[in-house]
Protein chains: 2
Amino acid sequence: MRGVGNWVCVVRRGLGRRVRYSPCRSPQYPTVLGPNFPDVWIPSTNTHRPQSSAIFPKGQTAAIIDGNFIAHDIKSRIADEIRRTKAVTGKCPGLAVVLVGKRRDSRTFINIKLKACEEVGIATLIAELPETCTESELLHVVSGFNEDTSVHGIIVQLPLPRHLDEEKVMTFVSPEKDVDGFHPLNMGNLAMRGREPLFVPCAPKGCLELLLRLGVEIIGKKSVVIGRSKMVGLPTSFLLQRHHATVTTVHAFTNNPEQITSKADIVVSDVGIPNMVRGNWLKPGAVVIDMGNNLVKDPSSRRGYRVTGDVCYEEAIKVVSAITPVPGGVGPVTISMLLSNTLDSAKRAFGFTS
Amino acid sequence: MRGVGNWVCVVRRGLGRRVRYSPCRSPQYPTVLGPNFPDVWIPSTNTHRPQSSAIFPKGQTAAIIDGNFIAHDIKSRIADEIRRTKAVTGKCPGLAVVLVGKRRDSRTFINIKLKACEEVGIATLIAELPETCTESELLHVVSGFNEDTSVHGIIVQLPLPRHLDEEKVMTFVSPEKDVDGFHPLNMGNLAMRGREPLFVPCAPKGCLELLLRLGVEIIGKKSVVIGRSKMVGLPTSFLLQRHHATVTTVHAFTNNPEQITSKADIVVSDVGIPNMVRGNWLKPGAVVIDMGNNLVKDPSSRRGYRVTGDVCYEEAIKVVSAITPVPGGVGPVTISMLLSNTLDSAKRAFGFTS
């Protein structure tokens, strides 16, 4: 992540013991976009590639990656950087949010994002449109934010009501303010190695941020992304490939997905089905990033439900070397990546590159 | 491929016996972009997915896919369609080619493309710039073609001399005339399922065209793309995934690539190394599309060299069920896809959609 400086990483191991990792990015690993190595095929048995040992030890209780701690660390650095940017330029980064309708989950997500912006000093603008608004009304609002020089990032909260063309609206957001990274121009530039997108989608960026902080060796590793959504699975596979992992994408049409995932060193899940990824789907010592965010009925909870991931956590922690919990794993880091994208965009707009 | 109607497919088997396949596309397989199935995860052992048997029989001599024949068939249909378009609209599709410098291979490729255009009735314009031209001179020429309403497709022949920024030039080509499909906006829309790019890169489009004509079942099949170039490997992996294959991309950092390729039902190679893919890299009955186009010294040849692919052909034909030869496989079909893209673009510009 640019502009946030160095960091340390704390993970919770097993039943809660915290373990501190030292910063582990080398100059070859400057950003989540990955090192720009040329594809030179070497016919030998790959002795030129460093092999990991410390990262994937067998038979240990999994390290539980503490996304809340990491997000707090990132946000703290972003807040510092925003203060510095304001002091030098006299200007404030701004994020505009468009919310259509009254979905409770959308409102919750928006509130989390707005609160995070407030914490780090990003100004926010909110446009709330009724469920029945027309596409042209929505595009008019987005157009206003596209033109507004005080706005450096625009989020259109998804999903939109069915009568609105989500693809069209997302493409209408200026690529220069597309802090969600969903515009096809940014997605194309992310897919094409050697190019640099203006924005990387937040959840995939968070996923790579976690892997890099953990010091997980990615180059040459068998990596499986389960799920291929445009917002999570697809761009995560691009990022892993930019880091020179050997990536397989597993989806609903894959036969016997567990045969593929159980050979992978890195497993990222973005399916939306609680407990789909069982312990026997995972290779001992693998690193698992659970991007699932599923609501499960839970009468014992005050709200009547709890949030869970795609991975059967209780089984997985007995098999893998590190795993993100849900909640408290990728989620908070994703929010901090939105702040990071907005800050980057503002600095570009201010011409403040130092 | 749109606008070209039905077809039949002829392949050469073993040492030259021709075998005719009937058309095999169902309405679910209308275009190379693939059917837009939703990702519905079914926890059973995938009994809902049809299994192939006829396509991957074991122990047979490979069918040799006759790209020249298929390209001829496609071109003939494109020529018919261009005649019809001209008759109705009074206008002619046009392709502009930009050539910088005097590379012999670039000149050869250009000549092949120009000849193909002439055969089907596409008008051509050529801009030749000296090796020493500046970037702004080159962009000025591209800009002229972007504005020229008689031009519906623009090719900037690659590679460009090193002092020119290839990425910048490719992005400068109007996405509406990007018949090579290399613009990041088109690439992003190709990567994102549910979206439709204006153009699909020609070699990957040709690869899928061949698989579809052969009647190869792609859904759920293990597919490996060897190589990840922006022009061939990457977009081929997108297309295979749009057809719901389980795609793994193998590259120079992959450990033991042969362990991965030898489990694949479909192998596409885009590496640029003669004979890299040996017979023992391939699963018996697999389908192999060899996108390699390598020059190898050959004193017995009139020119002193011969063209060969990435796959050790002599070994592969004893293992796989079907394979494209080099030359005479994907190459000619790629050229016909350029013609198809140019025709599609012209019809869009003419508003002639019937």
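Pro327(B) lies in the loop that runs between strand E13 (322-323) and helix H10 (330-350) of chain B (helices, H or I with at least four residues, and strands, E with at least two, are DSSP runs numbered from the N terminus). Most peptide bonds are trans. The model is predicted: local features need pLDDT of at least 70 and side-chain atom pairs pLDDT 80 or more, while totals for chains, interfaces and linings use all residues. Residues are numbered from 1 along each chain as its sequence is written, chains are lettered from A and ligands numbered from 1 in the order in which they are written, and side-chain values use heavy atoms, without hydrogens and water.

**A cis peptide bond also joins Leu158(A) to Pro159(A).** Its omega is near 0°. Pro159(A) belongs to the loop between E6 and helix H4 (166-172) of chain A.

**His244(B) and Asn256(A) have a positive phi.** Most residues other than glycine have a negative phi. For His244(B), phi is about 70°. This residue is part of the loop between H7 and strand E8 (246-250) of chain B. Its relative accessible area is 0%, so His244(B) is buried (buried means under 20% relative accessible area, exposed over 50% and partly exposed in between, with a 1.4 Å probe and protein chains only). For Asn256(A), phi is near 45°. The loop that holds Asn256(A) runs between strand E8 (246-250) and helix H8 (257-261) of chain A. With a relative accessible area of 26%, Asn256(A) is partly exposed.

Over all chains, a search of the whole structure finds one aromatic pair (rings of Phe, Tyr and Trp, the last by its six-membered ring, pair if their centres lie within 6.5 Å). The centres of the Phe238(A) and Phe238(B) rings are 5.7 Å apart and their planes stand at 55°, so the pair is tilted (planes under 30 degrees apart count as stacked, over 60 as edge-to-face and the rest as tilted). Phe238(A) is buried, at a relative accessible area of 6%, and Phe238(B) is buried at 6%.

**The charged end of Arg348(A) sits over the ring of Phe199(A).** The distance from the charged end to the ring centre is 4.9 Å (a charge sits over a ring if NZ of Lys or CZ of Arg is within 6 Å of the ring centre and within 35 degrees of the ring normal). In chain B, the charged end of Arg348(B) sits over the ring of Phe199(B), 4.9 Å from its centre.

**Three parallel strands of chain A form an open sheet in the order E5-E4-E6.** Strands pair if DSSP finds at least two bridges between them. Strand E5 (123-129) and strand E6 (153-156) of chain A each have a single partner strand, so one side of each is left without a neighbour in the sheet. From one strand to the next, the twist averages 15°. Strand E4 (residues 94-100) of chain A pairs with E5(A) over seven bridges, and Leu95(A) stands opposite Thr124(A). Helix H2 (residues 104-120) of chain A packs on the sheet and touches E4, E5 and E6 of chain A (contact means heavy atoms within 4.5 Å). The direction of this helix makes about 170° with that of E4(A) (angles run from 0 to 180 degrees between N-to-C directions of axes fitted to C-alpha atoms, for helices over the stretch in contact).
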